[in-house]
Amino acid sequence: MAHYDCLVIGAGFAGAVTAGELARRGNRRVLVLEKRDHVGGNAYDRLDASGILIHQYGPHIFHTSDRRVYDYLSQYTDWRDYRHEVVASVPAPGGRMELPVPFNLVSLETAFGPEKAGELAGKLIAAYGAEKKVTILELRSNPDPEIAALADYVYDHVFVRYTMKQWGQRPEEIDPNTTARVPVFLSRDCGYFQDPWQGMPLNGYTPIFERLLDHPNITVELGTDAARLLTLGDALLLDGEPFAGTVIFTGALDEFFGCRFGRLPYRTLDFRFETHAEDFYQSHATVNYTMDEDFTRITEFKRLTGQVLPGVTTVMKEYSRAYAGAEGEVPYYAIIAPENNALYARYAALAGRYPQLRLLGRLAEYKYYNMDAIVGRALALADELLGG
Ligand SMILES: Cc1cc2nc3c(=O)[nH]c(=O)nc-3n(C[C@H](O)[C@H](O)[C@H](O)COP(=O)(O)OP(=O)(O)OC[C@H]3O[C@@H](n4cnc5c(N)ncnc54)[C@H](O)[C@@H]3O)c2cc1C
């Protein structure tokens with residue numbers, strides 16, 4: 001193994017960007033080990049049996065305020081101009097209604113009708129200013145009972161049950177700080193993100209990874225686990241031989257150390273794909289079910305990707321549950337809580353015994369990161385390792 005300078009575990013954004021940079025900018029010889037049979041991590045997409053481009057591990061929408069990240073990825077993909085909008089589907093008299101999320105002035109109109117909504121909007125803008133984001137905590141403390149009641153409406157209709165489904169919590173277990181931060185946007189802008197750069201990779205995410213990893217200095221081995229990397233005293237062994245190069249580890253840190261202090265808790269997701277013989281299934285790419293149903297949301301991929309394929313569409317329902325570490329289960333969301341962070345800190349301290357071992361990514365750092373944040377962190381790590 002002496003002919004590799006660096007070892008990268010995992011071929012998601014964290015691993016692929018770091019490997020690409022070390023190989024291209026640093027002329028390092030890099031071995032990438034990925035346990036799945038494909039690259040791309042959770043951003044992996046592929047055509048399903050009907051020819052629809054689907055996101056196998058949940059819908060991914062690119063958005064960033066980081067110019068460097070946008071320019072960097074633009075070397076590897078063109079973009080489809082796409083601005084994400086989300087609605088909450090809630091029961092309404094005689095059927096259902098769709099409220100834009102985050103709750104905004106359009107949601108207000110849908111929920112209360114133009115006259116009442118106009119009145120409330122006037123009061124809200126007078127109190128907080130147009131185009132402002134106000135939290136439901138602020139609304140609750142408003143002396144006007146109608147504004148305070150609006151906070152409860154938003155809490156009940158778009159927040160509390162969705163959060164309970166997503167995190168498996170009872171209302172009293174939901175962190176009051178999270179509740180307090182739920183925003184109401186005093187605007188008619190229904191965009192889910194406000195970042196200056198938003199879009200979808202024109203030909204999907206997977207080709208980005210294929211291009212990132214396509215370099216003579218990079219060897220990718222799929223279907224191969226980090227179990228080939230072992231610790232022995234203060235040394236790291238790869239396939240039983242001491243490995244002195246840098247190791248960028250992007251997998252689950254507790255699993256690397258055999259879960260010796262216990263498992264880090266995660267939420268996992270079950271995805272149910274359905275293909276329908278119609279052009280479109282729903283009004284938006286993402287429809288959240290915030291008051292009823294067992295699933296949290298339905299995604300319709302054609303609405304994200306802009307793929308033109310008449311008479312057929314694939315949607316995906318998302319069900320959230322506790323991760324148990326069973327075969328085939330994917331740890332998706334770290335459950336950020338003081339006791340879990342303390343457990344992670346024990347694993348991180350253990351990893352600290354190996355200065356050549358660098359932890360990067362949503363699993364190895366036990367944090368939620370958007371794609372742009374991970375790409376930014378991977379570029380920063382490459383800068384540091386290459387001394388520039
Ligand atoms: C449902 C969902 C929706 C999301 N939507 C968005 C979105 O719309 N926009 C956005 O910006 N971000 C989104 N994200 C976040 C995005 O997925 C992450 O930012 C991104 O995946 C982080 O990349 P990563 O490389 O750290 O992790 P991953 O993509 O998880 O990649 C880690 C890789 O390491 C491999 N691996 C793990 N352990 C081992 C091991 N022991 N040996 C070998 N290989 C291993 C895994 O198989 C995987 O391929 C979403 C996340 C989820 C869960």
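Leu238 has Glu241 as its bridge partner in strand 15. The model is predicted: local features need pLDDT of at least 70 and side-chain atom pairs pLDDT 80 or more, while totals for chains, interfaces and linings use all residues. Residues are numbered from 1 along each chain as its sequence is written, and side-chain values use heavy atoms, with hydrogens and water left out.

**The sheet.** Strand 14 spans residues 235–238 and is joined to strand 15 by 2 bridges, the two running antiparallel. These strands belong to an open sheet of 3 strands, ordered 13-14-15, with antiparallel pairing. At its edges lie strand 13 (229–232) and strand 15 (241–242), each of which pairs on one side only. Strands count as paired if DSSP finds at least two bridges between them. Helices (H or I, at least four residues) and strands (E, at least two) are DSSP runs, numbered from the N terminus. In general, strands of a sheet pair through backbone hydrogen bonds, either parallel or antiparallel.

**The ligand.** There are 30 residues around the ligand (a heavy atom within 4 Å). Those that come nearest are Glu34, His60, Ile61, Arg362 and Tyr369. The shell divides into 15 nonpolar, 10 polar and 5 charged residues. Here Ala, Val, Leu, Ile, Met, Phe, Trp, Tyr, Cys and Pro are nonpolar, Asp, Glu, Lys and Arg are charged, and the others, Gly among them, are polar. At least two residues of this shell come from each of helix 1 (13–24), strand 2 (30–34) and helix 12 (371–385).

| Residue | Part of the residue | Ligand atom | Distance |
|---|---|---|---|
| Glu34 | side chain | oxygen | 2.6 Å |
| His60 | side chain | oxygen | 2.7 Å |
| Ala226 | backbone | nitrogen | 3.0 Å |

Taken alone, the ligand exposes 990 Å², and the protein buries 96% of that area; accessible areas come from the Shrake-Rupley method with a 1.4 Å probe.

**Backbone features in loops.** Val101 and Pro102 are joined by a cis peptide bond, with omega about -5°. Pro102 is placed in the loop between strand 8 (95–101) and helix 3 (105–112). Glu131 is not a glycine, yet its phi is positive, about 65°; this residue sits in the loop between helix 4 (114–128) and strand 9 (133–135). Cys259, also not a glycine, has a positive phi of about 50°. The loop that holds Cys259 runs between helix 9 (253–256) and strand 17 (266–276).

Key
Polar contact = N/O pair within 3.5 Å; in protein donor to acceptor, adjacent residues only side chain to side chain.
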